[in-house]
Amino acid sequence: MKNKFGIREVVAIGIGTALFVVLTNVQIPVGFIPNTALQTRAAVLAFFAAIFGPIVGGAVGLIGHALGDALFYGSVWWSWVFPEAVFGILVGLFARFYKVRKGSFGAKQIAVFNIVQAIANVIAWVLAAPALDIAIYAEPANKVFVQGATSCILNIVIIAILGTLLLAAYSRVGAKTGSLSKED
């Protein structure tokens, strides 16, 4: 895959960010863990990162999370914004292995995608977010590690289901119509 950044990637950042922001308010709270919820926006981020790569994934995660926090919560929680970008970058780094744009998102690629997204979730939510919560906001370690681990598990599940379905559908449509680049 050629590393090029063009109008398609700029449009993907715009659309991905808009969807991410709108979906910020679509969530199922986990009542026993404060400030933690099942959010479909995680699947949207994984979808854009898997198709368009690390720059788009990182930008959608960073901009989308920051704008979503600002619009729906009144302030930006940077210790969770940066890990969202890290997640998008990590999933995007392996985009060529998923073969979504080639129309070849089969069992092997689904497995690779889900292994990568699970590892990226662990790095972002079990390691980075709690560490940044402690360093930036002096949050108690026991609280933030429970929140991070819970978010990690919820994200892995929603991405494994919804993210995989979105990528499989996109791969099939693109392969049939020939509208996707075969340069991957």
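So, how exposed is F97? F97 comes out partly exposed, with a relative accessibility of 39% (buried is under 20% relative accessible area, exposed over 50%, partly exposed in between, with a 1.4 Å probe and protein chains only).

Before I go on: this is a predicted model, so local features need pLDDT of at least 70 and side-chain atom pairs count only at pLDDT 80 or more, while totals for chains, interfaces and linings use all residues. Numbering starts from 1 along each chain as its sequence is written, and side-chain values use heavy atoms, without hydrogens and water.

Okay, aromatics. Rings of Phe, Tyr and Trp (its six-membered ring) pair if their centres lie within 6.5 Å; planes under 30 degrees apart are stacked, over 60 edge-to-face, the rest tilted. That rule gives nine aromatic pairs. One is W80 with W125: centres 5.0 Å apart, planes at 35 degrees, so tilted. W80 sits in helix α4 (residues 78–93) and W125 in helix α6 (residues 107–137), 45 residues apart. Helices here are DSSP runs of H or I, at least four residues, numbered from the N terminus. W80 is buried at 12%, and W125 is buried at 2%.

Back to F97, which pairs with F94: also tilted, at 6.1 Å and 40 degrees. F94 is partly exposed at 35%.

Then there's a cluster of F47, F48, F52 and Y170. F47, F48 and F52 are among the buried residues of α2. Twelve of the twelve residues in that helix are buried, so α2 is largely enclosed by the rest of the structure. Just after α2, G53 has a positive phi of about 95 degrees.

Terms used
Helices (H or I, at least four residues) and strands (E, at least two) are DSSP runs, numbered from the N terminus.
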